[in-house]
Amino acid sequence: MTTRNGQFDFASLRAKLSNSDGQSYWRSLDELAETEGFQEFLYREFPQQADQWVDPVGRRRFLHLMGASLALAGLTGCTKQPDEPIVPYVKAPEDVIPGKPLFFASAMPLGGIAEGLLVENHMGRPTKVEGNPGHPASLGATGVLAQASILTLYDPDRSQTVTQYGEIRSWNVFLSEMREALQRFGANKGAGLRLLTETVTSPTLHEQLRLLLAEFPAAKWHQYEPVNRDSVRQGAQLAFGTNVATRYDLEKADVILSLDADFLSAGPGWLRYTRDFTERRKVRGNQHEMNRLYVVESTPSNTGAMADHRLPLRAVEIEAFALALATELGVSWPLPASSATAGSAWIAPLARDLKRHPGASLIIAGEQQPPLVHALAHAMNQALGNVEKTVIYTEPV
Amino acid sequence: MSQIFHRSTNTFAKLSIFGSIFILAGIIAVIIAVNRSGYVTQAGVTREQPVPFSHQHHVAAIGVDCRYCHTTVEIAAVAGIPPTKTCMNCHSQIWSTSPMLEPVRDSYRTDKSLRWTRVHDLPDFAYFDHSIHVNKGVGCSTCHGQVDRMPLVWQHASLQMEWCLDCHRRPEKYVRPRDQVFNMEYQPPADQIALGKQLVKEYKIQSLTNCSTCHR
């Protein structure tokens, strides 16, 4: 009933179906057409001529042997416990109590922003990473990356020694090679010497690098992050003429607008923000009002899922949206706002709600948004009187 | 045809039928006795150690406290076997050339641990925590015997489950005041049960006989 090239011959299939009467079931067109491939498949699924274990002597013998080995295996339990050695330390490390975990306060920097951690340690082996309850940016919480970071400590690909051209070298070899190399740069004040690091916010490392650069004034230091916060910095530059670090106090915010900012699952301080945000979501005691969250975003995110009002916009449209909102809020900005922006129905009610809560509203711009959105967010927070209340500016780190 | 067996065999046959119950009981009694003997439980068997460390000398003669070496007995599940450093605290000064102590000095020099033989070896399926027992007024010598009289340590008790349960069912039979826990010479007073009942109340000792208390 199939044509030569394996296609179904629907006309003959229909004819066959119309001729059959009563209940004749079929589960696929293959079965109905009785193709060769289907017959082969059926044979393999239920192999009628497959070997069965019909040899009675062989089967009995097999059961005998199995029974005997099981019984004998039980006999091995009837021995005395073997002697067990106790191998104590030669010089016991301080504070280690066998059987009790030791907790170390640590931090995990990601993009230069550290997350406070407590690492559980059993006799020298780290076993679990949790948030440090004493750390203001963690309060005992961690994110997925910090939780998973325990695995990197046991990563077999992690370098255990100094290597050179794939060969294991001692630390001393590294030091002497390095000294030699640095001496070559000593003559020309480090011209041609380049340092490549990730974002460094550690004051200690920064000072060490500063001292190195003071010795080699012509050397250059490059910091690079594949996913960086450049537009945040440029936005601050645009708004204030200088870089600032921005922190938010979500406990004081009644109305929050996120411009593509996933501040509940990523970014600096998100663990603390999540805690503060949910604290204002609880109606208990003498707290009868919840905060309100507006999210304008381009990708579904945790923050969007928590939003009271969520507006999906394309990433490029958010800049125009922010500009229109800023104009509505009375921020004077050199760029004119176009009236026909996407989501324009939101502008007037949103501005009204924000204006109703001066000093208790908050506008957060997403890190991936262009500098202009950040600058507008700064300007709007300023216009709403949020600075020093829900928005705190500090020296850049 | 003459009879194969003598007439007296009848008596033997009757006796053995009657006696089979006693023979069976005897076999069971022997099995029970063997199971509780030192041959199986290792109680009372002195174990050989790399260094013939004498508790009798160090505890009774010199007066070293249990906790000088077994440092974690009050805070952790294991009492703790001292590091070689603890031995060398004294033995770098005294008996510093004794051939008996050569393994200790060797361990200290080469940074290789001494390998002691475990004397009290609970099965791995039983959980035991020293700290809770010590803090609830179970003395060292209640379980370990008078270690200060052992030149080489042997296991004092059977460490069998019935032995554990004996105290877990009726703790008042064994508890002592907390300040006497490390006293090796402590003898229970005549009114132990009355004192025990009072201590059980005061220390809030529970009679934990749930399976999962020890078999976790």
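In what sense, parallel or antiparallel, do strand 10 and strand 11 of chain A pair, and over how many bridges? Strand 10 and strand 11 of chain A pair in the parallel sense over 5 bridges, where two strands count as paired if DSSP finds at least two bridges between them. The structure is a predicted model, in which local features need a pLDDT of at least 70 and side-chain atom pairs count only at pLDDT 80 or more, while totals for chains, interfaces and linings use all residues. Residues are numbered from 1 along each chain as its sequence is written, and chains are lettered from A and ligands numbered from 1 in the order in which they are written.

**Chain A as a whole**

- Chain A has 13 helices and 14 strands; helices (H or I, at least four residues) and strands (E, at least two) are DSSP runs, numbered from the N terminus.
- Of the 397 residues in chain A, 20% are buried, where a residue is buried if 20 or more other C-beta atoms lie within 10 Å of its own, exposed if 12 or fewer, and partly exposed in between, with the C-beta atoms placed from the backbone.

**The parallel sheet of chain A**

- In chain A, 4 strands form an open sheet in the order 12-11-10-13, and the pairing is parallel.
- Strand 12 (309–312) and strand 13 (361–365) of chain A stand at the edges with a single partner strand each, so one side of each is left without a neighbour in the sheet.
- Neighbouring strands of this sheet are turned by 10° against each other on average, direction ignored; the axes are lines fitted to C-alpha atoms, for helices over the stretch in contact, and angles run from 0 to 180 degrees between N-to-C directions.
- Strand 10 (residues 255–259) of chain A also pairs with strand 13 of chain A, in the parallel sense and over 5 bridges.
- A:Leu259 stands opposite A:Ala365 in strand 13 of chain A, and A:Leu259 also stands opposite A:Val296 in strand 11 of chain A.
- Strand 11 (residues 292–297) of chain A is mostly covered, with 5 of its 6 residues buried.

**The antiparallel sheet of chain A**

- Another open sheet of chain A has 3 strands in the order 2-3-4, with antiparallel pairing.
- Its edge strands are strand 2 (102–110) and strand 4 (125–131) of chain A, each of which pairs on one side only.
- Neighbouring strands of this sheet are turned by 35° against each other on average, direction ignored.
- Strand 3 (residues 113–122) of chain A runs antiparallel to strand 4 of chain A, and 6 bridges join the two; A:Val119 stands opposite A:Val129 in strand 4 of chain A.
- Helix 5 (residues 144–152) of chain A packs on the sheet and touches strand 2, strand 3 and strand 4 of chain A, and its direction makes about 180° with that of strand 4 of chain A.

**Where the two chains meet**

- The contact takes 22 residues from chain B and 15 residues from chain A.
- On the side of chain B that touches chain A, the elements that give two or more residues are helix 5 (84–91), helix 6 (102–110) and strand 1 (116–117) of chain B.
- Strand 1 (residues 85–86) of chain A and strand 1 of chain B pair in the antiparallel sense over 2 bridges, and A:Ile86 stands opposite B:Trp116 in strand 1 of chain B.

**Details within chain B**

- Helix 1 of chain B is hardly covered, since the count of buried residues among its 28 residues is 0.
- B:Gln42, in the loop between helix 2 (38–41) and helix 3 (55–61) of chain B, has a positive phi of about 70° although it is not a glycine, and B:Gln42 is buried, with 20 other C-beta atoms within 10 Å.
- Most residues other than glycine have a negative phi.
- B:Cys140 lies in helix 8 of chain B and is buried, with 24 other C-beta atoms within 10 Å.
- Leaving aside its neighbours within four places in sequence, B:Cys140 is in contact with B:Cys66, B:Val147, B:Val181, B:Phe182 and B:Met184.

Key:
Two residues are in contact if their C-beta atoms, placed from the backbone, lie within 7 Å.
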